[in-house]
Amino acid sequence: MNNPNDPNNLNDHDDPIAAPAVAPSPMMPQAEFDEPALEPELEARAIDGLPSRFACFVTGTDTEIGKTLVSSAILHKLAASGVRACGMKPVAAGAELRDGELHNDDADMLSGAGNVHLPVSITTPYMLREPAAPHIAAALENVTIESAPIIAAFAEIQAASDAVVVEGVGGFRVPFNDTFDSADLAAQLNLPVILVVGMRLGCISHALLTVEAIVARGLVLAGWVANTVDPDMSFEQENIKALAQRIPAPLLGHVPRLQTPTAAAAAEFIDLAGLPGWPSTRGKS
């Protein structure tokens, strides 16, 4: 669960869009960091002047590894390109009352990074007070987290937006109730997954196990982002290279430890131009 006091300084209707199947692409060595090329079908779509549609599910190797920062950076880039972009945090635990309304720092950061603003009951259907695992926080409020309200809220967001970024909770397999977890939600939404790897000791095993869990559910792993959690990590670049050789998806960027961890600052370090549905920048300054 993200620390509600400092959730990001960690370096911390339409039917749902199903990503087209993409073949795993081998990574180039770490030193090269080649920019991904724009997909041919997206290039054609841009030429035709048709609006792009983008949606993704952002998960992480653990809690407090920068999912909100990366999700907000994606929203910032979308909004800057003129796309109607909205963030969704389906389940947020660790909310506090401000001016008569419940607020969660992660949900607020996503809202601030996008340019489509909907009621919090839609962007965060389950806003829970206790900063604990969601199934525990929900039980304390006699709430059962279920998929139907989340799927319905996602459909509303998608109808009002050109792009949706859905941020998961903690790692990939966080319990919501006795029979439903965040991996189940990702499978039901069936969105391309972006994995945020918190760069610290042990991250290689955590990342590869998460990749296995994503692929086992038939989901498209669209890419991954390295996010520096431990600025004193030994051999960080060697760890990133090892991950790049083993993860069957492109490295979308490496966010260093930021003195001021804002969406705009983090956006400078990621490149999503080759992802399915990503808006073209042709003709824009």
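**Cores, a helix and a ring pair**

Biologist: Which residues have the most contacts inside the largest nonpolar core?

Modeller: In this predicted model, the largest nonpolar core has 49 residues, and Ile 145 and Trp 224 have the most contacts inside it. Helix α8 (residues 203-216) gives the largest share of this core, 5 residues. There is also a second, separate core of 32 residues, including Val 70, Val 83, Leu 110 and Leu 252.

Biologist: What is Ile 145 in contact with, leaving aside its neighbours within four places in sequence?

Modeller: Its partners include Val 91, Tyr 126, Leu 128, Phe 176 and Phe 180.

Biologist: Thanks! Why is α2 called largely enclosed by the rest of the structure?

Modeller: Because 10 of its 14 residues are buried, each with under 20% relative accessible area. Among them are Leu 69, Val 70, Ile 74 and Leu 78.

Biologist: How do you know that the span of α2 agrees with 1.5 Å a residue?

Modeller: The 14 residues of α2 (residues 67-80) should span 20 Å, and the end C-alpha atoms are 20 Å apart, so the two agree. Just after α2, Gly 82 takes a positive phi of about 90°.

Biologist: What makes the pair of Phe 54 and Trp 278 edge-to-face?

Modeller: The count comes to 2 aromatic pairs. In this one, the ring centres of Phe 54 and Trp 278 are 5.0 Å apart, within the 6.5 Å limit, and the planes stand at 90°, over the 60 degrees needed, so the pair is edge-to-face.

Biologist: Is Trp 278 buried or exposed?

Modeller: Buried, because its relative accessibility is 8%, and the cut-off is under 20%. Phe 54 is buried too, at 3%.

Definitions and conventions:
Residues are numbered from 1 along each chain as its sequence is written. This is a predicted model: local features need pLDDT of at least 70, side-chain atom pairs count only at pLDDT 80 or more; totals for chains, interfaces and linings use all residues. Side-chain values use heavy atoms; hydrogens and water are left out. Helices (H or I, at least four residues) and strands (E, at least two) are DSSP runs, numbered from the N terminus. The expected span of a helix is 1.5 Å times one less than its number of residues. Buried means under 20% relative accessible area, exposed over 50%, partly exposed in between (1.4 Å probe, protein chains only). A nonpolar core is a set of buried Ala, Val, Leu, Ile, Met, Phe, Trp, Tyr and Cys residues joined through side-chain atoms within 4.5 Å. Contact means heavy atoms within 4.5 Å. Rings of Phe, Tyr and Trp (its six-membered ring) pair if their centres lie within 6.5 Å; planes under 30 degrees apart count as stacked, over 60 as edge-to-face and the rest as tilted.
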